[in-house]
Amino acid sequence: MGRMNGKTAFITGAAEGLGKAIAERFALEGARLILTDIQAEKVQETASAIGGETIAFTHDVASEVDWRRVIDGAIAHFGGFDTLINNAAISVKGDIEHADFVHWRRILSINCDGVFLGCNMALPTLIANGPSSVVNITSALAVKAHVEMPAYSAAKAGVEQMTRSMALYCGRSGHEVRCNIVRPGSIMTPMQDKVLAARGGTRDEQFQKTLDAHPMGRIATPAEVANAVLFLASDEASFITGTSIAVDGGLTL
């Protein structure tokens, strides 16, 4: 306990699923929390349930205006933050033949542009409150092709390279900001349920195929992925930057 004492963490996509699990884990370790999500009521409910020094904002991560508003709100309330977790994302299937440009732009705007905006616009605050840490959540599909998810894969792969570039920039510029990646496989979250529902066949059939793809024979709990995020955000990882941790049960081996 206490691995995040004295730290203030800004977590996107925190209303449910992985973002909520990260918030709960950080709270147990003593962090103050800024939770954001496009789901206004749910993120407020999550913040209320966690309690303590936790605030919540409705937030469209694809909006530059929204990023400015929420960052300003976090500064006004807590004086800033030293931890940024870019977790918000959507997953919508669409193969390269049948997806259209609207689909492509929607996925990229949230899953890649949204992370760029967070890193870019939060960096002055992170520098001012350093030593700081950024953890960007990607996916096994950043390195493993999937026939139905070219836009999602492209977005997550882009986030990985952007994170490494940011780590290099901060290190060489003398900024005390570490930048790392957590790359999950499938996780038991509401997003995973939506992915399964969008596929053909029964949910049980699709779920079994997902299990079979992971050498460990199961998928991750949100808490297991949150543990990796906690490590990279904490001072235990003080000399780690520009790296990725795969939490995927061997999916990408």
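**Note on helix packing and nonpolar cores**

1. Helices α4 and α5 are roughly parallel to each other, because an angle under 35 degrees counts as roughly parallel, over 145 as roughly antiparallel, 65 to 115 as roughly perpendicular and the rest as oblique. Their packing angle is about 15°, with the axes 8 Å apart. Axes here are lines fitted to C-alpha atoms, for helices over the stretch in contact, and angles run from 0 to 180 degrees between N-to-C directions. Helices (H or I, at least four residues) and strands (E, at least two) are DSSP runs, numbered from the N terminus.

2. This is a predicted model, in which local features need pLDDT of at least 70 and side-chain atom pairs count only at pLDDT 80 or more, while totals for chains, interfaces and linings use all residues. Residues are numbered from 1 along each chain as its sequence is written, and side-chain values use heavy atoms, with hydrogens and water left out.

3. The crossing of α4 and α5 is right-handed; that is, the near helix is turned clockwise from the far one by less than a right angle, anticlockwise being left-handed. Residues of α4 in this contact (heavy atoms within 4.5 Å) include His103, Trp104, Phe116 and Leu123, and those of α5 include Pro150, Tyr152, Gly158 and Cys170. The residues of the contact divide into 18 nonpolar, three polar and no charged. In this count Ala, Val, Leu, Ile, Met, Phe, Trp, Tyr, Cys and Pro are nonpolar, Asp, Glu, Lys and Arg are charged, and the others, Gly among them, are polar.

4. Glycine 158 lies in helix α5.

5. On the α3 side are Glu64, Trp67, Arg68, Ile71 and Ile75, which meet Gly114, Leu117, Gly118, Met121, Ala122 and Thr125 in α4. Six nonpolar, three polar and two charged residues make up the contact of α3 with α4.

6. Which residues touch the most other members of the largest nonpolar core? They are Phe10, Ile34, Trp67, Phe81 and Val134, out of 38 residues. A nonpolar core is a set of buried Ala, Val, Leu, Ile, Met, Phe, Trp, Tyr and Cys residues joined through side-chain atoms within 4.5 Å. At least two residues each come from β3 (54–58), α3 (64–78), α4 (101–128), α5 (150–173) and β6 (177–184). The largest share, eleven residues, comes from α4. Another core, of 31 residues, lies apart from it and has among its members Leu35, Ala56, Ala226 and Val229.

7. Helix α1 (residues 17–28) and helix α8 (residues 222–233) have axes that come within 8 Å and cross at roughly 55°. The two helices are therefore oblique to each other. Among the residues in contact are Leu18 and Phe26 of α1 and Ala226 and Val229 of α8. The contact holds eleven nonpolar, two polar and one charged.

8. Glycine 130 and proline 131 are joined by a cis peptide bond, with omega about 0°. Most peptide bonds are trans. Proline 131 is found in the loop between α4 and β5 (132–137).

How values were computed
Buried < 20%, exposed > 50% of the residue type's maximum accessible area, 1.4 Å probe, protein only.
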